[in-house]
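Student: I am new to this structure. Can we go through the labels and check each one against its value?

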Amino acid sequence: MTTESSGDMRCIIVIPCLNEEKHIEPLIEKLGQALYELDARIVVADGGSTDRTREIVRSIAEGDPRVLLLDNPKRLQSAAINLAIDTFGDDHEYFIRIDAHGDYPDDYCQTLVQEAGATGADSVVVAMRTMGFSAFQKATAVAQNSKLGNGGSKHREGAKGHWAEHGHHALMRVAAFRAVGGYDETFSHNEDAELDYRLNKTGYRIWLTDKTAMTYYPRSSVPTLFKQYLGYGRGRARNILKHRSMPSLRQMLPLAVVPIFIGAFLAVLNWIAVIPVGLWAVACIAYGFWIALGQKNPYGPLAAISAMVMHFAWSMGFWMEVFSFRNRRVA
């Protein structure tokens with residue numbers, strides 16, 4: 001344990017963003033109290049917004065020099081964080097990563113710093129509370145908050161504070177981040193899990209706090225949800241291939257979806273081939289109805305559809321990356 005007070009630990013708050021004119025001003029306003037209490041500065045790392053995002057940030061920065069706009073020519077979130085820490089990290093003990101399209105408690109940053117001081121953690125990660133507005137978003141939120149959609153992930157379900165291998169990135173010690181080389185910018189997805197792998201291997205400690213959490217708003221349509229999870233699958237495969245690690249059981253089950261789906265076409269030779277994909281579909285739909293009846297949630301059946309989209313896209317992305325990697329090696 002340490003006795004450092006939050007006022008003794010300077011922070012840089014980094015917001016990677018792209019075309020977030022609707023969210024960026026209220027988000028910076030919400031983080032305003034942390035600027036005073038943590039002697040912090042806010043860096044908005046913009047990936048080339050074509051809406052009013054940059055104009056809004058410049059206007060805020062004119063009135064408050066602790067708010068800075070940084071160009072992120074590589075556009076990726078991982079590159080945005082790396083660039084912000086390379087540029088401004090020297091004078092700060094910690095950095096806090098904020099997603100522009102999420103929502104946070106008013107004392108979010110302060111609580112993270114308090115947890116870092118109390119535990120001595122090199123990284124403090126948080127749980128994600130998913131919620132939606134449209135019918136499809138609400139159904140997807142139900143899926144992502146359930147074992148059907150998250151496979152029992154601790155940082156998706158929420159759990160008592162404990163030392164963890166991975167969680168949604170929130171606060172990290174600048175020295176630890178730099179020691180392991182920051183984010184791998186070849187990752188467009190899953191860069192946080194890849195960095196956590198290196199932190200753990202190097203002996204740095206990650207604390208999953210139960211004192212605060214962030215709210216995440218899921219994709220609002222099937223195509224955008226599919227594209228997102230396709231990227232997640234590719235990122236997870238890239239992570240496993242890079243470190244020659246084994247996927248966990250909760251990852252092995254959904255990655256089987258595409259193979260059993262392809263195998264179902266063998267039903268023209270033998271009807272038994274359709275059984276595996278049928279069992280998967282029935283299990284998802286049954287779980288959705290269990291949510292509807294057991295939890296009295298009317299979005300349960302639609303959540304099953306969202307979960308099936310997530311499973312299929314994640315599995316497809318995983319295998320696309322595996323075969324792409326093999327082709328690159330052959331070449």
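Tutor: Gladly. Keep in mind that this is a predicted model.

Student: Into which domains is the protein divided?

Tutor: Domain 1 covers 11-134 + 153-217, and domain 2 covers 223-325. Their C-alpha centres lie 29 Å apart.

Student: How do you know that domain 1 and domain 2 are in contact?

Tutor: Contact requires heavy atoms within 4.5 Å. Twelve residues of domain 1 are in contact with twelve residues of domain 2.

Student: What is the buried area between domain 1 and domain 2?

Tutor: About 1,100 Å² is buried between them, and 49% of that is on carbon and sulfur atoms. On the domain 1 side, His-189, Asn-190 and Tyr-197 supply 43% of the buried area, more than any other three residues.

Student: How many salt bridges are counted between domain 1 and domain 2?

Tutor: Two. There are also five residue pairs in polar contact between these domains. Helix H10, residues 191-202, gives the most to the side of domain 1 that touches domain 2, with four residues. By class, that side has four nonpolar, four polar and four charged residues.

Student: What makes Asp-184 and Lys-242 a salt bridge?

Tutor: The cut-off is 4 Å, from a side-chain nitrogen of Lys or Arg to a carboxyl oxygen of Asp or Glu. The N to O distance for Asp-184 and Lys-242 is 2.7 Å. So the pair qualifies as a salt bridge.

Student: How many salt bridges does the structure hold?

Tutor: It holds 18. One of them joins the side chains of Arg-10 and Asp-39, at 3.0 Å from N to O. Arg-10 lies in the segment before strand E1 (11-17), and Asp-39 in the loop between helix H2 (32-37) and strand E2 (41-46), so this pair ties together parts 29 residues apart in sequence.

Student: What makes Arg-178 and Asp-90 a salt bridge?

Tutor: Their closest N and O atoms are 2.9 Å apart. The limit is 4 Å, so the label holds. The pair links distant parts of the chain, 88 residues apart: Arg-178 is in helix H9 (residues 174-179), and Asp-90 is in the loop between H4 and E4.

Student: Why is Asp-90 called exposed?

Tutor: Exposed means over 50%. Asp-90 has 61% relative accessibility, so it counts as exposed. Arg-178, at 35%, counts as partly exposed.

Student: How do you know that Glu-321 and Arg-238 form a salt bridge?

Tutor: Their side chains meet at 3.5 Å, N to O. That is within 4 Å, so the pair counts. Glu-321 sits in helix H15 (residues 300-330) and Arg-238 in helix H11 (residues 222-243), 83 residues apart. Glu-321 has 3% relative accessibility and counts as buried. Arg-238, at 27%, counts as partly exposed. Elsewhere, salt bridges that share partners join Asp-184, Glu-194, Arg-198 and Lys-242 into one network.

Student: Why is Gly-89 called buried?

Tutor: Buried means under 20%. Gly-89 has a relative accessible area of 1%, so it is buried. This residue is found in the loop between helix H4 (77-88) and strand E4 (94-97).

Student: Which residues does Gly-89 touch?

Tutor: Not counting residues up to four places away in sequence, Gly-89 touches Ala-84, Val-174 and Arg-178. Gly-89 and Val-174 are 85 residues apart along the chain, with 6.6 Å between their C-alpha atoms.

Student: How do you know that Ser-49 is buried?

Tutor: Its relative accessible area is 10%. The limit is under 20%, so Ser-49 is buried. Ser-49 lies in the loop between E2 and helix H3 (53-63).

Student: What makes Ser-49 and Asp-46 a polar contact?

Tutor: Their side chains are joined at 2.4 Å. The distance cut-off for N or O atoms is 3.5 Å. A polar atom of the Ser-49 side chain also lies 2.6 Å from the backbone nitrogen of Asn-19. Leaving out residues up to four places away in sequence, Ser-49 touches Leu-18, Asn-19 and Arg-54.

Technical notes: Residues are numbered from 1 along each chain as its sequence is written. This is a predicted model: local features need pLDDT of at least 70, side-chain atom pairs count only at pLDDT 80 or more; totals for chains, interfaces and linings use all residues. Side-chain values use heavy atoms; hydrogens and water are left out. Domain bounds come from an automatic or database domain assignment. Buried area is the accessible area (1.4 Å probe) that two parts lose on being put together, summed over both. A polar contact is a pair of N or O atoms within 3.5 Å; within protein, one must be able to donate a hydrogen and the other to accept it, and residues adjacent in sequence count only if both atoms are side-chain atoms. Helices (H or I, at least four residues) and strands (E, at least two) are DSSP runs, numbered from the N terminus. Ala, Val, Leu, Ile, Met, Phe, Trp, Tyr, Cys and Pro count as nonpolar, Asp, Glu, Lys and Arg as charged, and the others, Gly among them, as polar. Buried means under 20% relative accessible area, exposed over 50%, partly exposed in between (1.4 Å probe, protein chains only).
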